Structure formats: C-alpha cells, structure tokens
Amino acid sequence: MRIITTRRISQIFFFLLFLWFCVASTLGEQWWQLRGWPVNWLIQLDPLVGLGTLLATGTLYAGLLWGLLTVVLTLLLGRFFCGWLCPFGALHQAVGWLANRGRKAKVMIAVNRYHRGQGVKYAILVFLLGAAAGDLISRLLRIPFDAPVTVAGIVILLLMLCAIATRLGKRSGKRWMTGVAFIAIGSMVLGLFADGSRLLAASLQTGLLDPIPLFYRSVNLTLLPLVDGQLISLAPSSRIYPGIFAMGAFFWTAVFLNLIIPRFYCRFVCPLGALFGVLGKNALYRVGQKAEGCTVCGDCDHHCEGGCEPSSVIHTDECVLCMNCLDSCRHEVMGYRLQPSAAGEISAPDISKREFVAALTSGIVAVPLARLAGGTGETWNPTVIRPPGALPEVEFLQRCIKCGQCMRVCPTNVIHPAGLQAGIEGIWTPALNFRMGTSGCQRGCIACGNLCPTAAIRPIALDERLGIGDFELQGPIRIGMAFVDRGRCLPWAMGRPCIVCQENCPVSPKAIFTREEFRPVRIGGQLHIRSMDGNRLTIDGPVLPSGQFSTGDYYISINGGSDMPPARITEAGTNTITLEGSAFVEPAATEGRIDLLVRLQLPFVDPTRCIGCGVCEHECPVKTRRAIRVTAENETRERRHQLVL
Amino acid sequence: MDRREFLGRCTRAGLSVTAAGALGIGLYDGKPPEAFSDTTASVKIPDFSIAEMKGRICIARGTDRSATVRQAFEALGGMKAFVKPGERVLLKVNAAFASPPALGATSHPDLVASVVRLCIDAGASRVTVTDNPINDPASCFALTGIGAAVRQAGADVVIPRASLFQRFTVDKGRLIRDWPVLFDPLARADRIIGLAPVKDHHRSGASMTLKNWYGLLGGRRNIFHQDIHTVIQELAMMIRPTVVVLDGTTSMMTNGPTGGSLSDLKPTGTLVVSTDPVAADAAGATLLDKRPDDLPFIAKAQDAGAGIADYRSLDLKEIQFG
C-alpha cells in the first residue's frame, strides 16, 4: 500500500472519530449518546492544552496526560499529528486539494514554497504561552531572596552557570554570563520592589487558536445546530448561541484561506503546529533527500502540504509528514529516514531572538494589562453567570480552553460562548443566558463539569450541587441570585396576577415566595351599593366591562374594608356584582362605598434559598427584559461575591 | 463591428430584457402583506368523550397505584368501556418538571405504565404519551421515569417539537385564540386519557386534571397566569377527555407545583377515575384540605358545561383497596 494511502486512511479515521465524538456528546439514554465515550480524547491528545494548563496552573490535569504520548511520538517521529491525526488539518488538506486541483504545477510549486510568514505561528505560540506563564513567573519571583539559603543557592547556581558558560567558548561565554546576570538581578529587583501577584497573572488563551478546541467548538456550536434534525435529532428544539457569528466567521475564514494557500492555517497560524515544529526539530526520523539522483524536477514541492521545500534545503520543523513528496518523487530520492537530508536541513523554527523576546514579553504583559480593567476584581460583571462548579474567575481563566464542550452537552442550551462581557480574556468562555434554552440551569444536572476537559468547571457530584449528604453543611452551589424588577413585574407594576416565577422555582421550600395584597382597580370613579339581594349587589357608579372582573381574582371591600375582609366576586355584570357564596355582607353596609380590588400575590426572593438556576427568569412572561433576572451576585464560587450572611 | 456580432449582441440583449421583464411582471404584487395570517380556522379538536359513559366517577382508596387504578377502572366497567379494540389512545400525563418520581411533582411512572397496559389489554392499536413540559422536555421524560416506564409497557413518547404545534382557537374562548397547541398527537388519537397528580398550586389554588391540559399549550403561555381561572375554563372547553385519572395516592400539600422535598408530600391514599374532569377536581380538592368553592376554576368549568362539580350527585362508586 502506498504510504499516502495509509496516511489518508489515518486522517479519515480520526476525522470520523472526531465527528462521532461531536455527535456522541449528547446527554441521553441511547447507546450513541454519552455513555463513557471518550469524547474529549482528541483534546487530551493535544499537548498544547496540557502545556497551557500546566504553565497556568502548575499541574497536568487528569486526562491531559495523554498529551505526553503525543509529545514523545513527536520527539521521535516529527509532526505526525498534523499530517496524520489532526481532524482540522485533514479538513484543510481536503479543502486545499479540492480548491487547488485545477491550478498549474508551476503555480502550485510557487505557492508551496517556504514563506517567511510561516514563522508567525511561532510568535503566536510564544505569545500565548507567555500569557499563560504569568502566574508561574510570579511564583518564581516570590522566592524569598532575603533568606540566606536562597542567596547561597543562587550564588552557587550562578557560579555553576558561569563555569559551564566559560567552557562553551570565550565569546558566547561572556554573553551568557551577561544574560544570566541580567535575569538574576532583574528578577531580584522585581521581587523586592514589585508585588508579583499584582503585576503578573496567567491567562490561558491558547484555545483561541489551538486547532483542536477550535474545531470542536466550531463544529459543535456553529455547524451541528444547522444540520441537526435532518439525519438524526441531537436536540429536541433548535439550538441557539448568542454571539456565535464571530466564531463561525473565524472558522470559515480559516477554511477558505485554503483557496489561496493550501493548509494556510497550519502553515501560518497554528500554535499547535508551531509547538510540534519545536518538539520535532530533532526528531529521529525526518523526511529528506538521499545523496544522489535529484533532478530538481519540483514534483515534491508540487504536492507539499507543509510548505517545507523538500526539493532543496528542507525546513524540517515545517514538515507535516504528509509524505506526498515520497509518493510523487519519480527518482526515489525522497525518503523518511534516520539520516538528515543530503540537500541540507533547516530545523530551527524561523523566529529570531528579538521576535521571540517581543512575543514573549507582549504575552506576559498583555494579561496584567487586561486585568487593569478590574474584571476579575472590583468591576466584575454580574451578568456573566458561570456554570455550576466553575472555579473562581482567576483560576477559571487559567484553565478554560474555550472548547465549547459544556455548551455542547448542556441539555437545556443555557450555556453560550461569551462575547466581550467577560472581558477580553473571556471571549468564548461559557456564560449562562436564561432567556435562551429550554428551561434555565437544571438543578439535577451536572453534565458540563463532568465533560470539561480541563476542570475549569469542576466535575461535581449531584450531592455537592444540591448541598445534601456530605455537603449538607456547605449548602447548595449557587451560580447567582434572582432579583425582581418591580418596575416590569406584572403584579408589582401593573396590578395583574401572575407569579409564574414562584410557581416554577424548583427549590423546596421555594426561594420565591409571595405576599398577598388587595390593590384598588382603576375603574374611573367610585362605586356605591344601590341595593342588595343576598350575595347579589346592584351598584351605582362607572359601568363595569362585562366579564372582566369575574375571573376569580377580583374582590370588593365595603366602606374601606373596616367591617369585613374583602369578598370575592364570582359574577360581575355592568351594574351588578355577585359575591362568593360564603361571603358575608352586613345589612348595615348597604348604602356603603365599594372598592373594587384585585388580589395580588407579590413575588419576593429569599436570598438564603435562591441558587440562581434561572428557571424563574426563563419562565417570566415579560419576555424581553425579564421582570425577574439572575445575576452572579451571591454566587458560591467566589467568596468575595457573597452577599447574604 | 460586423453585422454578425451586432445581431448576436441584439439577440442577447433582447433575451435579457425579456427575461428581466417577465420576472418583474410575473412576480408583481400590488398589495402589501397581511399583518397576520390566521390559520386556525381549519384546526378542530374532536370531542373524545363517550356519551353513554357521561358522569361516571370512582373514588378508590389504596396505596398501590397499579392495583388501585385497575380496580377503579374495573368498577367503571373496565377499560374496555373506554377503549375499543383498534383505537389509538393518547395519554396526557403531567411531566412538567425534570424531577424524580419520589418528589411527586409529575405523574408517577408506575401509574402511567399501568394505564398503558390497561389500554393495550383493551385492544388499543397504539398508545402515545405526551406533554409539553416546563423544564427541558427530554430531561423531564427521562428523570421522571415516565419515558422508560411507558416505553417498556409498550407505548410511544412524543417529545414536543415546533412542527407538532398548530394554531388553534377555542370556540367562544377569550384567551386561547390563534394560539399554538400541541395538536399533532391529538389529531392522531381516537381517545384521550388525562393523568394528573394532586398538587398545591399557588396561583390557581390547585393543579389537578383540568390544569393538566395547560401542558398542551405552546407559545408564550405563561401570560395566561394573569387570568388563570379563565384559561383553565377554556382548557376544559378545549379538551373533552374520554376519562381522567387523578392520582392522590400522595398529594403535594405545599411548595407546589414543583415541590422538591419529601416534606411537601402527604399520603392521602386516594385515586379518582372519572369521565367528568370537573367532578374529579372537585373530589381532589378535599385532599388538599380545600373546598371546591375555594377554586374558582371549578365553578367556571362547570359553567362552561365541562362537567359537574357536585361529584356526589353523579354515578359515584367508592371502593377500598388494600
């Protein structure tokens, strides 16, 4: 079998596996729905997810250990992931092939030539890792430099470094020493004079461009909802995700750039490809020419996926192991061997020292700059409601890779990718919107946290969410709290009975309770009793619209209600009123003044009971800006957000 | 320019002008569009009741839902009196909330499955179970246990989706006008059986068999809470069921209609099977320590001709089981 046939089979296999994972990320009881299917496996294999969270948090979370396997294989084999496994890469390769079939060989050879811009992806990678490393740097700076042991250790370390450096040669040894001294002195000064914890912070933004999370969220959130319900039905009602347009536009731009240059994204943008380029630069096996036989016919460049120029000095770090050059070489010069290419190799990533430093520094500095807005502190946005189990915001931003798995699995479709409301760092992180979806955040559901690949949303147990069993003392998880908007609420503002919010509150005892009020109705005048016949009153005053007050919610009081409690109207004609059978009207009340009252149950929120599930907001009949709304106020994930004692 | 090219250009221009003109004139519409298109006229919901079974009610005391409901139907002449062989039966359950059966906020799966089996034993060709719940529909049918129980018993679950709704107007109705109703399952049924638990309901006073039809409404139905008693009356006018089953084996006394705690429930050991939903609700009111008079919708439904509140005046059977 030709090697490229094997490669295609592998690509198709992983592409189908990916699609299958997207489909299987459905909550339900069918065999093809979530049944322990390893739907996060491709995310876990992605070492950029592991490395990013490792830099940001200091640990490698659970399944992300799979990334180590990819790293080891890349160290030995080169960028096999890009050419053989990555489903996003497979899509690019397929689209690029389709779009460029008709182009002349000469054009394609030119298009596939190595481009200086391919170095940009390394700068992107360094920037993103710099942004993720802030906390780590801050921790290093917090080393107590005034302790004698540390000072001694640093001195010994410096001496050792100098010794090594001097052995490396006179010239470079001097530069080494200067560099090390600079870093040591600089960090001491920073550590002594600046508060590292304030100056430096980690923010995991790799997911913005990391192809695996990107492809997961693009397919799950922007494509599946469009085709769902045709072949199979993944969601009973069609899904919506406010703010999805930018995500979709980004995805399609990446796809259509293949029309200009095949695998544009892989060559110029992909930070994961850049990571593999760095890891694979010393790989044992590499693609290259053997000593003799090359006629420089250009066939290898014609179909090159990586833009690595196998026809001349090959850029090993750009080679995605597509093996097209092996297949198209008529002289059997190209091979995948232990020996370096006879025509020479460039294996170092195309990023200069100054570019590296610029990208790293901007990455490190960008995060504190974003944090100056105060969004993780004083000016936190209470309309950003995070899913139950979400970590405190700062830690959350160190883990969330914007893969969209929580939004995909949410059975009620209340989680959507945030726009700028969670700050520039929070783009496409999960936020709850109770106006959308089928019914708020279900109290008995813990799906999002159990699917989250990085534990930005912790995998909580139901007991913890509900605050029962072992969690009795700490109480239920609150994701926010509901507030009644008395200016929009039907009973409060308009004197109309409603209390749909109270009815739907799922907590027991209910977090929404009511107080009864009998409120005079605006009828344009004063009613008086003309005569009385049992429970039937004939009245003087403004003409009542027939039927309107017979609904069971209207009452009358006589002479200001001093003599008897309000009596319910069972029948109201234009000038007659029939009262409930048991209502007692004193004969003395004849000639009395009648007030027409509506019985209202006014909703109140008990802050000690409300868990912020948003069912009330979802059900509120005031559909635009709801009359009861949940904000993240009093959420349990941040102690600082506690409102009620 | 030679003559050949000139003629060619004239032909292409002429054809283009003709095509553009034909399209423009052919698609010309001098009238602005209508504000609304009323599509309700053709939609009718049939009367599912059986004339000779009118006014039958059985109040059965027992704690085992399956056995009690069987005995209660037996007392009214058996399920065969309601379902003829080959008929398609729709069970409108209460699956409003995604909560477990123990919390009593929804129809109990044992009861629903038993009624499904009774229908199948009576020869029903197809039994369908539906509701348009408040919480996420799929979660509701899964967590209440209704979905699994009735599928095992041999019925289908219809999870509502937009295409199953049709706009409908209740004859002489004031509120339910040109309103989306879960019509498709109704249109595919010969008989309809309502199954509802007895629950406290803060707004209407109680949620029983009449309020249960609320779950056939779609759209922005919550606005009807402004006039809850009238909308229940209109629902009673909209659906004339074959028979209703009111489950007061346990009753939700407080915190209704969602409940959420076992302490909201009280064992009341009563199950009502009735061809008259108004009578069933009037009987159920007593389980909540209320009088039928406390629930204005009962009198209103009676006024609309949906049934008789004074259930003792009907053909009442009372049985004790277990």
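## Exposure in this predicted model

The structure discussed here is a predicted model.

## Positive phi in chain A

Most residues other than glycine have a negative phi. A:E332 is not glycine, yet its phi is positive, near 50°. In chain A, this residue sits in the loop that runs between helix 18 (324-328) and strand 3 (334-337). A:E332 has 9 other C-beta atoms within 10 Å, and is therefore exposed.

A:W428 also has a positive phi without being glycine; the value is near 65°. The loop that holds A:W428 lies between strand 5 (415-417) and strand 6 (430-432) of chain A. A:W428 counts as buried because 27 C-beta neighbours are found inside 10 Å.

## Cis peptide bonds

Most peptide bonds are trans. In chain A, the bond that joins A:S508 and A:P509 is cis, with an omega of about -10°. A:P509 belongs to the loop between helix 25 (500-504) and strand 8 (512-520) of chain A.

Chain B has a cis peptide bond from B:G256 to B:P257, where omega is near 0°. B:P257 is in a loop of chain B, with strand 9 (243-252) on one side and strand 10 (265-274) on the other.

Definitions and conventions: Residues are numbered from 1 along each chain as its sequence is written. Chains are lettered from A and ligands numbered from 1 in the order in which they are written. This is a predicted model: local features need pLDDT of at least 70, side-chain atom pairs count only at pLDDT 80 or more; totals for chains, interfaces and linings use all residues. Helices (H or I, at least four residues) and strands (E, at least two) are DSSP runs, numbered from the N terminus. A residue is buried if 20 or more other C-beta atoms lie within 10 Å of its own, exposed if 12 or fewer, and partly exposed in between; C-beta atoms are placed from the backbone.
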